[in-house]
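Colleague: Please take me through this structure, starting with one of the loops.

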Amino acid sequence: MAKKRTNKQVEGGKHNLLSRLSFGTTAALASGLLLLSCVSLFVNPAKAWFFTIFGLLYLPFALLVLVLLIWAIIRRSRTAGLLFLALIPSFFLTGRYFQFSAPSGLPEPTLRVVSYNVGLFTHPKDGTTGRMALADSVCAYLGRLDADVICLQEFYLPNGQSTAEYLQQKFPLYRAEYYVLTGSSGHAGNVTLSRKPVRGKGKIDFDRSTNLALYTDIALDSSVVRFYNCHFESYNISPSRVVKGAGDDALMEETGRKMRRSIRERPIQVEEVLRNVEQAPVQSAVLGDFNDNPLSYTCFRLLRGRRDSFVRAGRGFGATYRTLWPLLRIDYILYPPCMDAVSYTVDRKAPYSDHYPVICTYYETGRNLR
């Protein structure tokens with residue numbers, strides 16, 4: 001005759017069932033969020049802006065699923081299979097954020113390229129006071145890098161200071177191409193510097209925005225490459241201000257509005273650049289501050305016909321934005337088939353901006369597709 005179950009046994013069974021259901025629900029939710037992060041790569045945020053948020057949170061979601069998978073294996077839970085399946089895309093995508101090793105045995109580089117958002121010279125981390133003093137420090141730093149091509153975003157000079165004269169003084173061996181917008185206190189914009197011969201130039205204005213893209217046709221040793229120095233739509237929000245004002249409904253509403261506008265504008269600006277790329281008579285490198293994460297529609301579109309320098313030649317975390325490091329890689333150098341990356345460095349010791357400079361070297365492959 002079967003023994004009756006005691007109240008404690010019944011309660012214990014219910015507790016175990018609830019525990020399994022709770023863990024299963026958490027695992028399913030985490031897996032779904034991670035898959036949405038991966039899918040965000042292909043979704044145009046101009047049509048569904050919220051997918052960009054999933055892409056921004058890819059690393060935390062991936063880490064959460066990994067922890068849950070380990071726990072499921074320890075518990076011998078059936079949810080381990082679901083969690084493992086959710087992690088499969090990450091085997092191919094995590095390299096956009098972290099690289100274990102850099103390539104070796106490549107030819108000697110013949111080209112050094114730098115991309116750097118200098119933050120309007122308002123983010124000193126070295127104790128420098130005054131924007132012009134910081135500008136001088138940045139220029140001296142760039143001179144020491146000995147780069148062939150330098151692309152700067154958010155370059156600033158006060159009114160009354162000539163951009164042409166200042167750049168000629170600081171970079172006498174370079175040809176300077178720039179476009180700046182004048183405001184009440186000064187003028188700011190993008191600057192491209194080249195000590196290689198320049199064959200052509202132009203700019204792409206973005207509607208309803210102070211951001212822009214410069215393009216410069218630069219003659220390398222065996223090919224001409226069009227370098228697009230891009231600064232795509234910024235969020236225009238301060239993370240520290242948002243954290244401090246977390247309970248301020250008006251601030252939260254303003255922050256949300258700015259984020260939605262930025263997310264929707266970037267794909268439109270990307271398409272404007274790509275239209276110019278398609279018409280270019282030479283191969284194109286696209287670089288600068290994209291204000292978007294590696295799992296973004298922005299990168300998905302711009303990577304067609306180009307390679308990511310970090311994925312090819314980076315090592316460790318590729319994050320380029322000081323705040324929330326190592327989550328945010330928003331500065332890129334994407335290069336065409338006629339080049340190949342030898343080295344990739346994010347100089348996190350540079351104390352001059354809220355962005356870190358990206359420094360890459362290349363050799364020419366001779367693959368001229370146009």
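Modeller: Arg-76 is located in the loop between helix 3 and helix 4. Helices (H or I, at least four residues) and strands (E, at least two) are DSSP runs, numbered from the N terminus. Please note that this is a predicted model, in which local features need pLDDT of at least 70 and side-chain atom pairs count only at pLDDT 80 or more, while totals for chains, interfaces and linings use all residues. Residues are numbered from 1 along each chain as its sequence is written, and side-chain values use heavy atoms, with hydrogens and water left out.

Colleague: Is Arg-76 buried or exposed?

Modeller: Arg-76 has a relative accessible area of 77%, so it counts as exposed, the term for values over 50%; buried means under 20% and partly exposed lies in between (1.4 Å probe, protein chains only).

Colleague: And what is the phi of Arg-76?

Modeller: The phi of Arg-76 is positive, about 55°, although the residue is not a glycine. Asp-146, likewise not a glycine, has a positive phi near 55°. Asp-146 belongs to the loop between helix 6 (131-145) and strand 3 (149-158), and with a relative accessible area of 44% it is partly exposed.

Colleague: Back to helix 3 and helix 4: at what angle do they pack?

Modeller: Helix 3 (residues 58-75) packs against helix 4 (residues 79-87) at about 150°, and their axes are 9 Å apart. Helix 3 is therefore roughly antiparallel to helix 4. Axes are lines fitted to C-alpha atoms, for helices over the stretch in contact, with angles from 0 to 180 degrees between N-to-C directions. Angles under 35 degrees count as roughly parallel, over 145 as roughly antiparallel, 65 to 115 as roughly perpendicular and the rest as oblique.

Colleague: Which residues of helix 3 meet helix 4?

Modeller: On the helix 3 side they are Ala-62, Val-65, Leu-66, Leu-68, Leu-69, Ala-72 and Ile-73. Their counterparts in helix 4 are Thr-79, Ala-80, Leu-83, Phe-84 and Leu-87. Contact here means heavy atoms within 4.5 Å.

Colleague: What does Ser-31 touch?

Modeller: Not counting residues up to four places away in sequence, Ser-31 touches Val-65, Leu-82, Leu-83 and Ala-86. Ser-31 itself lies in helix 1 (residues 7-39) and is buried, at 2% relative accessibility.

Colleague: Now Ser-262, please. Where is its place?

Modeller: Ser-262 is in helix 9 (residues 249-279). With a relative accessible area of 1%, Ser-262 is buried. Leaving aside residues up to four places away in sequence, Ser-262 touches Glu-233, Ser-234 and Tyr-235. From Ser-262 to Asp-292 the C-alpha to C-alpha distance is 9.9 Å, with the two 30 residues apart in sequence.

Colleague: A change of topic, then. How many aromatic pairs does the count come to?

Modeller: The count is 21 aromatic pairs. One of them joins Phe-51 and Phe-54, which are edge-to-face at 5.9 Å centre to centre with 65° between the planes. Under the rule, rings of Phe, Tyr and Trp (its six-membered ring) pair if their centres lie within 6.5 Å; planes under 30 degrees apart count as stacked, over 60 as edge-to-face and the rest as tilted.

Colleague: Where do Phe-51 and Phe-54 lie?

Modeller: Both are in helix 2 (residues 51-56), 3 residues apart, which is about one turn of the helix. Phe-51 is buried, at 16% relative accessibility. Trp-49, Phe-50, Phe-51 and Phe-54 together form one aromatic cluster.

Colleague: What sits over the ring of Tyr-156?

Modeller: The charged end of Arg-131 does, 3.6 Å from the ring centre. Lys-203 lies over the face of Tyr-179, 4.3 Å from the centre of that ring. A charge sits over a ring if NZ of Lys or CZ of Arg is within 6 Å of the ring centre and within 35 degrees of the ring normal.

Colleague: Which peptide bond is cis?

Modeller: The bond from Trp-325 to Pro-326 is cis, with omega near 10°. Pro-326 is in the loop between strand 11 (316-317) and strand 12 (331-335).

Colleague: Finally, the whole chain: how many helices and strands does it have?

Modeller: The chain has 11 helices and 14 strands. Of its 370 residues, 50% count as buried. Among contacts with a separation of 6 or more, 72% are between residues 24 or more positions apart.
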